[in-house]
Amino acid sequence: MQALKQHQGVVAPLDRANVDTDLIIPKQFLKSIKRTGFGPNLFDELRYLDEGYPGQDASNRPENPDFVLNQPRYRDASILLTRRNFGCGSSREHAPWALEDFGFRVVIAPSFADIFYNNAFKNGILLVPLDEASVEQLFQEVEASDDYRLEVDLEAQAVTTPGGDVFNFEVDEFRKHCLLNGLDDIDLTLEHEGAIRDFEKRHRAAQPWLFRG
Amino acid sequence: MAGQTLYDKLWSQHLVEQRDDGSALIYIDRHLLHEVTSPQAFEGLRLARRKPWRLDANLATPDHNVPTTLVERAAGNAGILDPVSLIQVQTLDDNCEAFGIEEFRINDERQGIVHVVGPEQGATLPGMTVVCGDSHTATHGAFAALAHGIGTSEVEHVLATQCLLAQKMKNMRVRVEGQLGAGVTAKDIVLAVIGRIGTAGGTGCAIEFAGSAIRDLSMEGRMTICNMAIEAGARVGLVGVDDTTIDYLRERPYAPNAEQWDAAVAAWRDLVSDEDAVFDKEVVLDAAEIAPQVSWGTSPEMVAPIEGEVPDPDAIADDTVKRGVVRALEYMGLAPRQKITDIRLDKVFIGSCTNSRIEDLREAAKVAKGKKVADSIALAMVVPGSGLVKRQAEAEGLDKIFLEAGFEWREPGCSMCLAMNADKLGAGEHCASTSNRNFEGRQGYGGRTHLVSPAMAAAAAIAGHFVDVRNVDVRDHTQQSQEA
């Protein structure tokens with residue numbers, strides 16, 4: 001996993017609540033057996049005027065000019081600003097894979113769905129929860145100026161606006177540690193192999209019917 | 001000290017390590033796999049030269065991509081016409097074979113939707129932790145199992161370590177008290193709950209469903225409710241153990257054998273919340289007030305009772321909510337204040353991990369028996385949740401009832417719930433669907449989904465538009481065999 005300590009980038013505003021993972025990456029693209037290449041199909045149904053299918057060359061597709069990521073000033077965005085309950089619905093990790101493949105490293109919203117929250121951090125995407133009023137202020141600032149950039153500092157748990165406003169945010173200690181250092185969860189867990197084996201032994205003795213082997 | 005909730009008990013029984021930073025390592029008893037969210041996890045294992053920690057904890061079956069017509073299924077994997085889908089199903093077969101994981105393949109009679117198969121086999125047991133790379137894993141909580149969906153990185157983590165990194169959730173209880181009206185089902189309860197608390201109402205929580213109306217439900221009904229906990233934002237839905245739970249599991253293939261049965265049952269009896277347990281949040285609904293529900297919008301919280309109407313955005317104060325409703329009505333092609341019974345339908349889908357079990361098919365068959373699907377309905381399909389559900393339904397003659405009424409009777413799979421196979425809606429088509437999500441494009445590009453119970457879907461197929469199933473003449477399908 002790619003580490004993230006500080007990030008500075010262009011902000012794209014997606015003014016919509018309850019953005020579900022079907023909207024982030026429609027199901028036809030879940031047929032891939034790879035982790036990469038989902039970026040061109042991020043928000044596929046909002047981004048293009050035709051129906052997308054896997055394996056297509058996205059460069060020839062008709063774009064929806066009204067969709068925010070198709071506007072020239074947001075094409076290189078790496079910070080997504082959106083509304084409450086982002087990432088609800090299915091557990092598909094293809095959603096953070098698509099966001100990451102497009103170039104997003106940070107998503108700012110009032111709240112996130114639980115499974116998406118886990119999946120995003122495991123793919124090096126920092127989710128920044130800010131209260132509704134702060135998010136509203138950021139929406140107004142983004143829409144008022146070209147090349148609007150934010151500075152995000154994970155160590156300090158702070159987002160700084162071009163005008164110097166600082167918003168602090170919460171993040172779980174463990175996830176912060178992993179993201180700051182780009183750590184692989186499986187390696188970390190296997191450091192506790194002995195504890196897992198001990199637990200498993202006690203568990204099997206207490207409830208042998210949970211084991212078939 | 002206050003007593004423990006069911007969730008607290010399940011959590012502490014699986015806690016391998018609690019860390020100071022709030023994270024914990026929990027042990028996983030059952031890991032279900034399907035073809036969509038597992039290939040990258042197996043690839044990760046290979047790249048790191050790791051092996052599955054414990055093979056017998058895993059059980060796999062292909063469900064999302066499989067075709068549902070008999071002609072296609074007769075050819076096995078070769079009948080999957082979409083080459084990309086075929087690769088995904090074949091990859092699951094190859095991975096299960098290479099790593100030694102038990103799999104019910106496409107034409108095994110035990111194949112089906114993973115959340116139907118697990119309980120049906122007794123592979124889901126009270127007191128287990130159950131995970132799967134699929135958000136509807138919440139279904140298994142109906143058995144007092146701590147069950148939730150995980151992402152593909154977590155699938156790999158569980159395969160490699162038999163554990164999951166987790167954080168304890170909050171406890172929420174939804175109590176549904178009293179008696180449901182005739183024609184009102186588990187699906188209506190859960191849609192009404194989501195309508196009440198919203199799609200983020202349970203975020204960060206494990207929801208325990210309790211109260212006399214829940215106790216009165218069959219296991220099928222409880223699974224329908226827990227299945228959609230995720231649509232209320234909660235990864236986990238739970239129902240405490242009682243006789244209904246234990247009776248369902250008796251003599252299932254993966255259930256404890258005769259020697260272990262009594263000890264298992266004794267342990268399971270404790271899997272209920274203590275009388276004095278404290279919940280962080282509680283919501284109470286009166287079962288008698290719940291009418292059959294129909295979703296009108298593009299989020300499961302956008303529901304109305306059958307006698308109701310589509311909302312008027314101008315009457316909504318919250319600006320974000322209002323814009324969501326305006327966008328939903330535009331996508332759905334509905335007018336403000338339109339009556340729910342005036343919504344005309346093009347297709348009807350009875351199936352999915354929410355409503356494809358035997359009881360669901362019986363409910364729909366009761367309504368369909370002796371009637372005909374309306375001419376205006378282009379397709380009405382019934383997709384059983386597993387090969388064993390299909391066999392049971394055929395033994396009861398349900399397939400004939402559906403076929404005579406003009407429904408198609410298909411082979412098991414996820415089908416039009418998410419349209420990863422060939423079963424999908426065309427742009428602009430309205431569908432009465434017993435599935436769980438009405439998101440934009442979910443059932444097909446531009447498709448318009450209305451979530452309902454199996455009985456309501458069958459009634460809508462006959463009428464061509466939504467009708468109140470409580471006013472429909474319903475015949476018990478078992479009477480036919482007696483008459484004949």
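Predicted model: local features only at pLDDT ≥ 70, side-chain atom pairs only at ≥ 80, totals over all residues.
**Entry 1: E103(B)**

Setting aside residues within four places in sequence, I found E103(B) in contact with A60(B), T61(B), P62(B), L92(B), D93(B) and C96(B). I then checked where E103(B) sits, and found that strand β5 of chain B, residues 102-103, holds this glutamate.

Is E103(B) buried or exposed? I get 12% relative accessibility for E103(B). The cut-off for buried is under 20%, so E103(B) counts as buried.

I also looked at what the side chain of E103(B) does, and it makes a polar contact with the side chain of R105(B) at 3.4 Å.

**Entry 2: helix α11 of chain B**

Next I turned to α11(B), which runs over residues 258-268. Which of its residues are buried? I noted W261(B), A264(B), V265(B) and W268(B). They share one side of α11(B), because the arc they cover around the axis is only 100°. A reminder to myself: an α-helix has 3.6 residues a turn, so residues three or four places apart point the same way.

On the other side of α11(B) I listed E259(B), D262(B) and A266(B) as exposed. I also asked what covers the buried residues of α11(B); α10 of chain B, residues 243-249, is included in that cover.

**Entry 3: where chain A meets chain B**

Then I went to the interface. I have 60 residues of chain A in contact with 81 residues of chain B. The area buried between the two chains comes to about 6,000 Å², and carbon and sulfur atoms give 55% of that.

How many salt bridges does the rule find across the interface of chain A and chain B? The tally is seven. I looked up the one between E156(B) and R35(A), where the closest N and O atoms are 3.0 Å apart.

Which helices of chain A supply at least two residues each to the side that touches chain B? My list reads α1 (21-24), α3 (94-102), α4 (114-121), α6 (173-181), α7 (185-190) and α8 (193-206). Of these, α8(A) gives the most, with seven residues.

Last, I sorted the residues on that side of chain A by kind: 19 are nonpolar, 15 polar and 26 charged.

Key: Residues numbered from 1 in each chain as written. Chains lettered and ligands numbered in written order. Heavy atoms only, no water. Buried < 20%, exposed > 50% of the residue type's maximum accessible area, 1.4 Å probe, protein only. Helix = DSSP H or I, 4+ residues; strand = E, 2+ residues; numbered from the N terminus. Arc of directions from axis to C-beta. Contact = heavy atoms within 4.5 Å. Buried area = accessible area lost by both parts, 1.4 Å probe. Salt bridge = Lys/Arg side-chain N within 4 Å of Asp/Glu carboxyl O. Nonpolar A, V, L, I, M, F, W, Y, C, P; charged D, E, K, R; others polar. Polar contact = N/O pair within 3.5 Å; in protein donor to acceptor, adjacent residues only side chain to side chain.
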